[in-house]
Amino acid sequence: MKSPEQQPAAAPLRHPIFEFLARFRVCLAWLAMLVVFAVMAVAVYKLTNEVRYDEVVDALADTSWTSIGLAILFTALSFASLVYYDLNALDYIGRKLPPLPVAVTAFSAYAIGNTAGFGALSGGAIRFRAYSRLGLSPEDVARVIAFVTFAFGLGLLAVSAIAALITAPRLASIVGLDPSLLRVGAVVVLALLAGLLFLGRNGRTVQVMRIRLRLPDTLTSSRQFLITAFDIAASASVLYVLMPETNIGWPSFLAVFATAIGLGVLSHVPAGLGVFEAVIIGALGNAISVDALLGSLVLYRLIYYVLPLTIAIVMIVISEARELAKHPLASDISNVAARLSPPLLSTFSLLLGAMLIFSSVTPTPDSDLDILSNILPLPVVEGAHFLSSLLGLAMAIASRGLAQRLDGAWWVAFVSALTALVFSFLRAVALGEAAFLAVFIVAMLVNGRRFRRPASLFNQVLSLPWMMAIGVILAGATAILFFVYRDVDYSHQLWWQFELFSEAPRSLRALLGVTILSVAVATFSLLRPAFRHPAPLTEEDLQKAIAIVAGGSNSDANLVRMADKHVMFSDSGRTFIMYGIQGRSWISLGDPVGDPSETAEMIWRFVERAREAGGRAVLYQVSPALLSYCADAGLRAFKLGEMALVDLLAFDLKGGRLSGLRQALNKGRRDGMEFAIIEVADVAGAMTELKSVSDSWLAHHETREKGFSLGSFEEHYVASQPVAVLRKDGRIVAFATIFLTETRQEASVDLMRFAPDAPRGAMDFLFVSLLEHLKNAGYQTFNLGMAPLSGMSKRDVAPVWDRIGGTLFEHGERFYNFKGLRAFKSKFQPQWQPRYMAVAGGTGAVLALMDVTLLISGGVRGVVGK
């Protein structure tokens, strides 16, 4: 009644190569990203073969403050337009939110997404954290993310095509292509986009294969195109004003810029690093001095990527000030800031770590070395330079823990930043570097209370995306090292050369130290401890959990009485989570039971415990109230179905609303059926009859006992709670085990079985009689259990998961009686509340649901054999 029981169809045979690719697709994707970055780094190195580091530094110094001011202005305009992406998306899905927290969320999401560019720190995670607190469901957040993603992609295509069409001759001379070929490609792209716009007029729905999609209406599409065009134009202008004077017109440059941005996004390299630069240099290197172009690209990265992230951090710091938080306009920002500060600080830590590593492989200005030579001995300068690179790696590694609010990660990042701040003056008078570190340190101090989750540093392991991100940083540092010292001939003596003005040996040693430490960390993560099963449930812990259930309001938590699950208690002993293990999945059942104030900590502890054991956390059948906590723990939520809750206070058979149930009750009485409650003390005496009904029900339905989210007919379990029975001619023909709590806030049932010869309508009679009994006993709510896959969104912009679930609900009767179960429960006019499955990290929801199904069914044999 409360969980899907599906029989998987036989899997078709596949070629071993395809099986290998399917099994390791995630690893291969991230490896491909690293390879793409390495190839682009080599390409940039070769394209800049005639450029020297000093020339780039001189070009940076020659950039006027007017150009920098204009670049900052265009950056502000670009980010202002990015905020309207989210506002337009919310309008498209028909949801209204306060504009101020939406602006803060969108700004922070793009500041992080532009800089990090990979899943663990993506803008989508930021939106989920913030918008779930503002009342959006996971489905609504997914629609917002899908809208802004597709809007940017289609807008980028349109802008590139229009720019290429207008500037085809000039653009062809830059990139070395035939102008007619560019025009044909641009016309084809614009024609396809125009066709899409025509199909979507007035919000029409189109169907691609079996997927129905409601396209934005003409007004929404036109508005979004203008927003995207303005955004791309403004961001292109940031780089354009930073470049030296050239005969390349702005329209031609816009086409090149849009292409570079698109390829950077498609590469999935964080921030398109290397890919964007390679395209720009390759396209414009013949028309602009490459050394000046490199200097402009460095400034562009600082202004358009680093500056917004720094502003977001400062904004979070200011929102923590009590004086500002008291202001009505700032209260909305303060509410969102609590959700955004960990991922913002995590991204900033990663960025500062990269900055420290990159600065360790670049020369210190001679003027700074002259100052240091008169103050500090050589060993101090050498030591500060070498240790700064290791501190940078420590900050990059700690950024993962900051995203998860770990106290240990806070200390590592804070101490590393504080030490690096001191070293920035010992190895070079690096005022800019010191300023960024100072902002980070202040932000860490004012947000320290956000990082209270205890975790052992030695039990933390880096996931593949994080290791690939560090790999990109190391590859970038290596490319910078070869570029800076391309005129220095390598010799073994460089490693042992210690002189104040000998920069190459110092950079080599720093890079080697970072590489060795990175390899050690990666090896530790890959060779993490083998999977460990927790200790089995003891009788003492079982009685302790039962006592917590009795004093709570979650009647379904009585499933702990089956004693087939593990139980994890809070430190206070007032709250617990019950869970099972299938494969590598640690699957909790329902919300944490007990003290609501400990819910957030229990979810985090469960996720962390699964990680420590080498498993993945799955929260099964959780309520909407837990979604924001799941987002904080890095979990992604998927809708499972809806729970049916009957308001017993309003339950009344009089009137026409429940006339069908009243007729079923009267018919049962005329047929001689009798309802009764067998109390706990008397259940053992009726156990033989109950078992006979159960066995006949199992045989008739050709099924077997289930587990985990359902009870099974175990005598100790059946005898632990009252049983509602239905008798005909003095013989029990149907029964249901009842879940009760002492608070009388909720009641529910678990096992519901009837004999094959039970009168027609027996279960309707049993349930109506039970609901009237519970109402008279003072219970407030009756939980009819979950209808799997029901209530899935039917909107045309619904997530793929919802569309798959909706299809199974409509056409999956061969596997499970989805519609029949929903129809039976609908007779009682319940209130339907959504239930979700939250999955950790990049684990696929389908894989997690397969593990849940196996756990419920008792393994593969249970699934195949019903």
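## Exercises on strands and helices

Gln-582 stands opposite Ser-585 in strand S5. The model is predicted: local features need pLDDT of at least 70, side-chain atom pairs count only at pLDDT 80 or more, and totals for chains, interfaces and linings use all residues. Residues are numbered from 1 along each chain as its sequence is written, and side-chain values use heavy atoms, with hydrogens and water left out.

**Exercise 1.** Find which strands S4 joins, and in what sense they run.

*Solution.*
Step 1. Helices (H or I, at least four residues) and strands (E, at least two) are DSSP runs, numbered from the N terminus. Strands pair if DSSP finds at least two bridges between them.
Step 2. S4 is joined to S5 by four bridges, and the two run antiparallel. Two residues lie between S4 and S5 in their hairpin, where Gly-583 in the turn has a positive phi of about 60 degrees.
Step 3. S3 and S4 also run antiparallel, joined by four bridges, with Val-567 opposite Met-578 in S4. Their hairpin has five residues between the strands, and Gly-573 takes a positive phi near 80 degrees.
Step 4. S4 and S6 are antiparallel with two bridges; Thr-575 stands opposite Gly-594 in S6.

**Exercise 2.** State how many residues of S7 (residues 616-622) are buried, and identify the strands paired with S7.

*Solution.*
Step 1. Buried means under 20% relative accessible area, with a 1.4 Å probe and protein chains only. Seven of the seven residues of S7 are buried, so S7 is largely enclosed by the rest of the structure.
Step 2. S5 (residues 585-589) pairs with S7 in the parallel sense over five bridges, and Ile-587 is opposite Val-618 in S7.
Step 3. S14 (residues 831-840) runs antiparallel to S7, joined by four bridges; Leu-619 has Ala-838 in S14 as its bridge partner.

**Exercise 3.** Check the span of helix H22 (residues 539-550), and find what covers its buried residues.

*Solution.*
Step 1. The expected span is 1.5 Å times one less than the number of residues.
Step 2. For the twelve residues of H22 this gives 16 Å, and the end C-alpha atoms are 16 Å apart, which agrees.
Step 3. The buried residues of H22 are Leu-542, Ala-545, Ile-546, Ile-548, Val-549 and Ala-550.
Step 4. The cover over these residues, counted by contact (heavy atoms within 4.5 Å), includes strands S3 (566-569), S4 (575-582) and S6 (593-594).

Conventions: Buried means under 20% relative accessible area, exposed over 50%, partly exposed in between (1.4 Å probe, protein chains only).
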